[in-house]
Amino acid sequence: MSHGINLRAVPYDHPDAVKLDAQVQVEYRTRYEGEGDATFLDPAMFVPPIGLYLLAYDASDAPVASGGWRRQDHSDEGYSDGDAEIKRMYVVPQARGTGLARRILAELEADARAAGRTRMVLETGDQQPEAIALYLSSGYSLSEKFGYYRFHENSRCMTKPLHP
């Protein structure tokens with residue numbers, strides 16, 4: 001399956017991360033008819049211990065997937081104290097179906113739990129059925145909406161408690 005894949009923690013503004021981020025934005029624009037993800041993300045949000053940004057590299061050292069979490073606490077956008085928000089989960093098309101997203105997700109959950117976070121939260125959309133299926137099968141459930149897209153019809157928010 002994902003042989004020869006290694007995960008590395010990198011800054012959110014690492015050149016490989018920027019490259020994958022550009023690809024995920026193209027995919028969002030395709031799936032949501034012109035809209036990328038306009039949520040403001042600052043590299044400082046993903047610096048341990050208040051976050052983590054991971055890239056997966058294949059055997060030839062090419063970046064093939066990304067994912068990160070950032071600390072969230074109670075806010076007007078609907079977050080709660082202890083939240084860890086997943087951002088930029090993305091697997092390049094040629095590496096899909098190999099369990100890579102699940103592996104990154106498990107790593108992010110373990111890291112957030114170790115950092116004392118009590119709940120994983122994420123926002124996806126109704127045009128990303130594979131993402132929704134992945135999260136549902138990983139113990140997430142649909143929840144009240146939060147975050148930048150909380151008033152958007154396409155938005156789907158999900159949460160999962162992080163038990164110690």
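Which residues touch the most other members in the largest nonpolar core? Select Ile-86, Met-89, Leu-100, Leu-108, Met-120, Tyr-135 and Tyr-140, out of the 39 residues in this core. A nonpolar core here is a set of buried Ala, Val, Leu, Ile, Met, Phe, Trp, Tyr and Cys residues joined through side-chain atoms within 4.5 Å. Buried means under 20% relative accessible area, exposed means over 50%, and partly exposed lies in between (1.4 Å probe, protein chains only).

This is a predicted model, in which local features need pLDDT of at least 70 and side-chain atom pairs count only at pLDDT 80 or more, while totals for chains, interfaces and linings use all residues. Residues are numbered from 1 along each chain as its sequence is written, and side-chain values use heavy atoms, with hydrogens and water left out.

Next, colour the elements that give two or more residues to this core: helix 1 (15–31), strand 2 (51–57), strand 3 (63–72), strand 4 (83–91), helix 2 (100–114), strand 5 (119–125) and helix 3 (129–137). Strand 2 gives the most, with 6 residues. Helices (H or I, at least four residues) and strands (E, at least two) are DSSP runs, numbered from the N terminus.

Now select strand 4, where 9 of 9 residues are buried. Strand 3 pairs with strand 4 in the antiparallel sense over 7 bridges; two strands pair if DSSP finds at least two bridges between them. Opposite Ile-86 of strand 4 stands Trp-69. Strand 5 pairs with strand 4 in the parallel sense, over 3 bridges, and there Arg-119 of strand 5 is the bridge partner of Asp-83.

Move on to helix 3. Its buried residues are Ala-131, Ile-132, Leu-134 and Tyr-135. Pick Tyr-135: leaving aside neighbours within four places in sequence, its contacts (heavy atoms within 4.5 Å) are Ile-86, Met-89, Leu-105, Leu-122, Tyr-140 and Met-158. After helix 3 comes Gly-139, with a positive phi near 95 degrees.

Last, go to Ala-62, in the loop between strand 2 and strand 3. Ala-62 is partly exposed, at 28% relative accessible area. Beyond its neighbours within four places in sequence, Ala-62 is in contact with Ala-56 and Tyr-57.
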